[in-house]
Amino acid sequence: MGQSMDQFARTQLLLGREGIEKLKNSRVAVFGIGGVGGYVCEGLVRSGVGAFDLIDDDRVCLTNLNRQIIATRSTVGHFKTDVMRDRMLDINPDVDITIHRTFVLRDNSGQFPFDEYDYVVDAVDTVTAKIELVMKCQEHHVPIISCMGAGNKLDGTLFRVADIYETRMCPLAKVMRRELKKRGVKKLKGVYSEEKPTRPLEDMSASCRTNCICPPDAAHKCTERRDIPGSVSFVPSIAGLIIAGEVVKDLTGINNK
């Protein structure tokens, strides 16, 4: 008997019917819907993951157009979670999406239903938030994958998937190793780059403070940052799709074969 044809038919040729069903019945939380997180969502919804929690408090800014899949002239000023949800529903109308217009902090991490998640993606860019996500996932026995630094990088071929204690070169990974070791965390799956960061040609934070183009009511603005990393279209996207691939393989058991 032939395979029934639907939008996931070509994926099923590789993952099998059982794999597709596992993805359909999985709930994935993506923390951070930016240059990396947006492509994680894109890869996962196109793979057939059935339910998502999207967590981000930011709005699309004009400076996001160079790299974020949700950023277009028409979406500038809109909440990233809302834009990502609408895009995902346009890809798969049957997907179940819960949005949280907030940033994860130690004070509010208890509001997220970690015990209902099958997988957590950490695509946020502060150490404090990353550590909190790792600790919550450890507490609730939820698998998590964390993205290390994707800013100031130009070579997408140098991304690697590894345990945090096996990473090298990445400054963010170094800080994470130190902080996780203090807390007794034995392992953390992550995506990191072995590329030496490129030094930005100029300090953009100074011009941002005098010529801010963030949405007026944005919760967090570029002007709050002491330094603003450079970015390109082809590096965060690669990191995001690598993460999406790892999530799919872990949920379906392909990585265990």
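**Exercise 1. Decide whether Arg106 is buried or exposed, then describe its salt bridge with Glu132.**

Step 1. Arg106 has a relative accessibility of 59% and therefore counts as exposed; exposed means over 50% relative accessible area, buried under 20%, and partly exposed in between (1.4 Å probe, protein chains only).

Step 2. The model is predicted: local features need pLDDT of at least 70 and side-chain atom pairs count only at pLDDT 80 or more, while totals for chains, interfaces and linings use all residues. Residues are numbered from 1 along each chain as its sequence is written, and side-chain values use heavy atoms, with hydrogens and water left out.

Step 3. Arg106 and Glu132 form a salt bridge whose closest N and O atoms are 3.7 Å apart. A salt bridge is a side-chain nitrogen of Lys or Arg within 4 Å of a carboxyl oxygen of Asp or Glu.

Step 4. Glu132 lies in helix H4 (residues 127-140) and Arg106 in the loop between strand S3 (96-100) and strand S4 (119-122), so the pair, 26 residues apart, links distant parts of the chain. Helices (H or I, at least four residues) and strands (E, at least two) are DSSP runs, numbered from the N terminus.

Step 5. Glu132 is buried, at 12% relative accessibility.

**Exercise 2. Describe the salt bridge between Lys182 and Glu179.**

Step 1. The closest N and O atoms of this pair are 3.2 Å apart.

Step 2. Both residues belong to helix H5 (residues 171-182); they are three residues apart, which means a separation of about one helical turn.

Step 3. Lys182 is exposed at 60%, whereas Glu179 is buried at 13%.

**Exercise 3. Which elements are linked by Lys189 and Glu246?**

Step 1. The side chains form a salt bridge of 2.8 Å, N to O.

Step 2. Lys189 is in strand S7 (residues 189-193) and Glu246 is in helix H7, 57 residues apart.

Step 3. Lys189 is partly exposed at 22%, and Glu246 is buried at 9%.

**Exercise 4. Describe how helices H1 and H7 pack.**

Step 1. Helix H1 (residues 9-24) and helix H7 (residues 236-252) pack at about 105 degrees, their axes 9 Å apart. Axes are lines fitted to C-alpha atoms, for helices over the stretch in contact, and angles run from 0 to 180 degrees between N-to-C directions.

Step 2. H1 and H7 are therefore roughly perpendicular, a class that covers 65 to 115 degrees; under 35 is roughly parallel, over 145 roughly antiparallel, and the rest oblique.

Step 3. H1 contributes Leu15, Gly19, Lys22 and Leu23 to the contact, and H7 contributes Val248, Leu251 and Thr252. Contact means heavy atoms within 4.5 Å.
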